[in-house]
Amino acid sequence: MFHCPERAMAAENPVENLQEEATCPVCLEYFTEPVTLECGHNFCRACINQCWEGSDTAASCPQCRETVQQKNLRRNRQLANVVEIAKRLSLQAAKGTGRDGVCGEHQETLKLFCEEDQTPICVICRESRAHRAHTVVPIQEAAQEYKEKIQAHLQTLREEREKLLGFKEAVEKRSQEYLKQTEIGRQKIVSEFQQLRQFLEEQERLLLAGLDKLDEAIVKIQNENVSKLSEQISRLSELISEMEGKCQKPASEFLQDVRSTLSRFEKGKFQQPREISPELEVRLSDFSQKTIAVMETLRKFKDILPAKLEIRRVEPLEVHRQANVTLNPDTAHPQLVLSEDRKSVSGGDTWQRLPNNPGRFDTVYYVLGCEGFTSGRHCWEVQVGDGRFWAVGVARESVKRKGWISRSPDDGIWAVGLWKGQFQALTSPETRLPWRRVPKRIRVCLDCDQGQVTFITAGDKAPIFTFPPGSIPGERILPWLWVGDKDTWLILYP
């Protein structure tokens with residue numbers, strides 16, 4: 001039964017009248033892309049095409065049965081605007097009456113819930129083409145079901161909030177402890193450097209005072225020599241003048257008292273100035289050696305201090321829980337050999353006949369631990385032996401198992417290892433570690449809450465390398481080992 005435009009307008013509500021005029025007589029829904037036929041009747045473009053499906057030339061109007069040409073469909077833009085106005089007026093009317101539970105399209109009470117579209121609908125919507133094939137339940141029943149689901153999620157969220165509050169408290173407590181440590185360190189640094197400054201200032205004062213005394217002694221000798229030399233120069237100048245005058249006289253007069261003249265020449269010979277005393281030379285040598293020693297000490301002090309201090313924090317070991325880690329044989333490459341207790345792994349000579357399950361590495365010689373971690377702080381130790389190719393660290397559970405996988409954070413692995421004689425952090429690219437002797441036993445410290453992993457020596461707990469906070473994603477993290485050749489073995493502790 002089709003909607004007829006000549007139907008009586010019995011309803012007194014103009015909004016309802018407008019809704020009727022904006023409704024397609026085929027689908028009984030608001031017009032979608034309305035078109036007008038030659039006879040003047042309007043339909044949705046999709047509805048009239050469906051009615052004419054199978055007809056190649058002429059067709060009839062579904063409303064008046066008048067024969068029309070399919071190609072003469074004209075888009076009715078004005079009617080499309082009227083439809084939009086009708087929709088807005090319907091929504092405003094529903095809100096104005098306070099009827100939040102009313103269908104904005106049909107003005108019927110929303111009594112049903114469409115499971116596929118996840119939305120409340122009315123009984124007219126239920127019969128429409130949009131919802132006819134969908135699963136529909138009473139709205140109260142759906143509300144109760146979803147309320148239970150929401151409550152379950154709320155409980156999970158509350159538990160997560162409590163967990164985060166606990167983490168926050170622990171972080172604040174640790175931060176206060178660290179701040180106390182830094183304050184103690186600050187006081188020590190200020191005190192030590194103050195004493196060092198005083199010592200250096202005293203040494204500077206003593207060295208400069210010694211230089212001043214040496215300057216006085218050298219200047220005194222210099223003044224004495226200059227004075228004596230000036231006297232001798234003056235006396236010699238007088239003697240030269242007298243001798244030159246003597247030589248100008250006649251021979252008889254020149255030879256008179258010649259013996260006395262020669263005697264005076266002998267007495268007026270030049271005297272060497274006083275040299276710097278051996279005692280002063282010793283003082284200069286001693287002072288020079290002392291200055292060289294002080295300068296060398298200061299130079300060494302400058303060399304051992306970097307231009308910019310980089311302080312890396314290593315978590316106190318007591319905050320990491322000791323984890324009892326074992327290896328998962330279902331992940332081990334077929335050429336790796338695991339011990340019976342699954343605590344050690346070594347490279348094998350032959351390819352073992354093992355099931356190629358989805359979790360097994362088939363190209364690279366990797367193996368994962370059985371134990372995974374999603375929260376908290378955990379640590380374990382690995383003895384690395386004397387192998388030439390190995391690496392220890394962690395990997396995310398979703399790490400790729402088939403084909404080539406790089407030993408780097410790009411593929412979900414965070415580790416340190418030995419490769420071609422170089423001890424490296426397996427960053428991207430690798431970071432060479434300044435260790436002349438590679439540690440024989442390494443402790444792996446995983447902080448899931450901070451997304452951080454730290455490597456330290458198991459003996460003296462010296463820091464090796466730290467992947468900074470936020471490096472590791474928030475998913476399940478597993479211990480990870482790589483054995484590069486048959487001469488390499490790794491052992492897990494405890």
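How far is the sulfur of cysteine 114 from the closest cysteine sulfur? That closest sulfur sits in cysteine 125, 9.8 Å away, which is too far for a bond. A disulfide is a covalent bond between the sulfur atoms of two cysteines. Here, a pair of cysteine sulfur atoms has to lie within 2.5 Å to count as one, and by this rule the model has 0 disulfides.

Before going on, keep in mind that this is a predicted model, where local features need pLDDT of at least 70 and side-chain atom pairs count only at pLDDT 80 or more, while totals for chains, interfaces and linings use all residues. Numbering starts from 1 along each chain as its sequence is written, and side-chain values use heavy atoms, leaving out hydrogens and water.

Back to the cysteines: cysteine 114 has 0% relative accessibility and cysteine 448 has 16%, so both count as buried (under 20% relative accessible area, with exposed over 50% and partly exposed in between, using a 1.4 Å probe and protein chains only). Across the protein chain, buried residues make up 32% of the 494 residues.

As for secondary structure, the chain holds 8 helices and 22 strands, taken as DSSP runs numbered from the N terminus (helices: H or I, at least four residues; strands: E, at least two).
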